[in-house]
Amino acid sequence: MTNRYPSTAQFIAQEAPIESFYCLSKQALENQVQRFISGFSGVVAYAVKANPAPELVHALAACGIRAYDVASIAEVALVRGIMPNAYVMYDNPVKSRDEITQAYHDYGVRSYALDDVREFEKIQSIIGADESVQLTVRFKIPTNTAKYDLSEKFGADEALSIELLKKVSAAGYRCGLTFHPGSQCTDAGAYREYIEKAAEIVKAAGVPIVSLNVGGGFPSRYLGESLPDLQDYFSAIGDAFDSAFGGTETTLISEPGRCLVDSCISLLCQVKHRRDDHTVFINDGVYGGFMEQLFSPIVHPVRAFRGAEALTGDCAPFTVWGPTCDSLDILAHKPMLPEDVAEGDWIEFGLMGGYGSSTATEFNGFTSNRYVFVG
Ligand SMILES: Cc1ncc(COP(=O)(O)O)c(C=O)c1O
């Protein structure tokens, strides 16, 4: 049972936590889920990989999220355990035979992504004929306006996508198309380009699709990012979908991870040590919740506490080291912290819900997976 506190300050006042904790606000989650459900003109699924913390997935289910994108059997089992009737899309384009067998026979998964002929043949050889099964072709186009380009690893080109759709249809499965514009996508127009290409692929294949899944990629508002409003992404997608697929039976789907869950979770860390040269050592780092700092200088909003009191006063950029002995374990960007921040104070980093605890390791014996609920 995860503990609840009225606020981060109250949590510090009551528990004085000496380990790092993720502070999850159900209200903030509900607000963000509502923004997606009311603004996106299709089904909103959740990409479990962004954060599979059971506390969070339970809260998402309570907010009305009924569809989930999973990447592994562990994620399938997690979702089925929390919401047995959820619509599960196994959208990792490469799966082992054992994973497909378990997903289909043990967990009743009826939707799978693929991006090459061998994966299609693998799935077909395990599942056989089953017209309730949907096979979704993941395609890519040569455009990248995201921080994390995912198209190097996955996605069929146009010609292969057409061939795959024909094969899927001829084998009697339901057909779908999907893409992912890359995580932290800064250009709402990228979705339009993809949707237009999806329509061309469908036309050339001569095969109707039951769903077009636009993936994730909706960005978080890290400090210093100049981004379109979330509604601009929804409008660009809705308009492009209407003109390309309006009047058809195709369902529009999105499967956001980062943007759906980032803003409802902060990471509360304690300062273990302070040096004179504006340097602090904290109890979490890039081998814990800050893994993305290794690839990208994401700037999280911060606030500092001494006990339950927020530290105010002049701020300066600080070098922030994590707890391990590794010299990679440093935040890429120097956060602005109060000049007098000291050993024993707490620093709360915002926008830590996506790819924080989900990517943490136990390197050097430090863990980063404890959750509390805050108001
Ligand atoms: C297939 C798929 N869908 C959805 C997502 C979630 O993307 P994001 O967190 O950028 O919203 C990912 C992320 O890697 C993905 O691979």
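How close do the axes of α8 and helix α9 (residues 230-245) come, and at what angle do they cross? They come within 8 Å and cross at roughly 15 degrees. The model is a predicted one, in which local features need pLDDT of at least 70 and side-chain atom pairs count only at pLDDT 80 or more, while totals for chains, interfaces and linings use all residues. Residues are numbered from 1 along each chain as its sequence is written.

**Helix pairs**

Helices (H or I, at least four residues) are DSSP runs numbered from the N terminus. Axes are lines fitted to C-alpha atoms, for helices over the stretch in contact, and angles run from 0 to 180 degrees between N-to-C directions.

| Pair | Axis distance | Angle |
|---|---|---|
| α5 (residues 97-106) and α6 (residues 117-127) | 10 Å | about 45 degrees |
| α7 (residues 158-170) and α8 (residues 189-205) | within 9 Å | roughly 50 degrees |
| α8 and α9 (residues 230-245) | within 8 Å | roughly 15 degrees |

Angles under 35 degrees count as roughly parallel, over 145 as roughly antiparallel, 65 to 115 as roughly perpendicular and the rest as oblique. α8 and α9 are therefore roughly parallel to each other. α8 passes α9 in a right-handed crossing, a term for the near helix being turned clockwise from the far one by less than a right angle. On the α8 side, the contact is made by Gly189, Tyr191, Arg192, Ile195, Glu196, Ala198 and Ala199; α9 contributes Tyr233, Ala236, Ile237, Ala240, Phe241, Ala244 and Phe245. Residues are in contact if their C-beta atoms, placed from the backbone, lie within 7 Å. By class, this contact has 11 nonpolar, one polar and two charged residues. Ala, Val, Leu, Ile, Met, Phe, Trp, Tyr, Cys and Pro count as nonpolar, Asp, Glu, Lys and Arg as charged, and the others, Gly among them, as polar.

Helix α8 also packs with α7, in a right-handed crossing. Glu158, Ser161, Ile162, Leu165 and Lys166 of α7 meet Lys197, Ile201, Ala204 and Ala205 of α8. Five of these residues are nonpolar, one is polar and three are charged.

α5 and α6 are oblique to each other, and their crossing is right-handed. Here Arg97, Ile100, Thr101 and Tyr104 in α5 face Lys122, Ile123, Ile126 and Ile127 in α6. The contact has five nonpolar, one polar and two charged residues.

**Domains**

Domain 1 covers 4-22 + 262-374 and domain 2 covers 28-260, with bounds from an automatic or database domain assignment. Their C-alpha centres lie 32 Å apart. In the contact between them, 16 residues of domain 1 meet 17 residues of domain 2. The side of domain 1 that touches domain 2 has seven nonpolar, eight polar and one charged residue.

**Ligand**

The ligand is surrounded by 18 residues, the closest being Ala47, Ser183, Gly216, Gly257 and Arg258; a residue is near a molecule if its C-beta atom, placed from the backbone, lies within 6 Å of it. The shell around the ligand divides into six nonpolar, seven polar and five charged residues.

Note on methods. Two residues are in contact if their C-beta atoms, placed from the backbone, lie within 7 Å. Helices (H or I, at least four residues) and strands (E, at least two) are DSSP runs, numbered from the N terminus.
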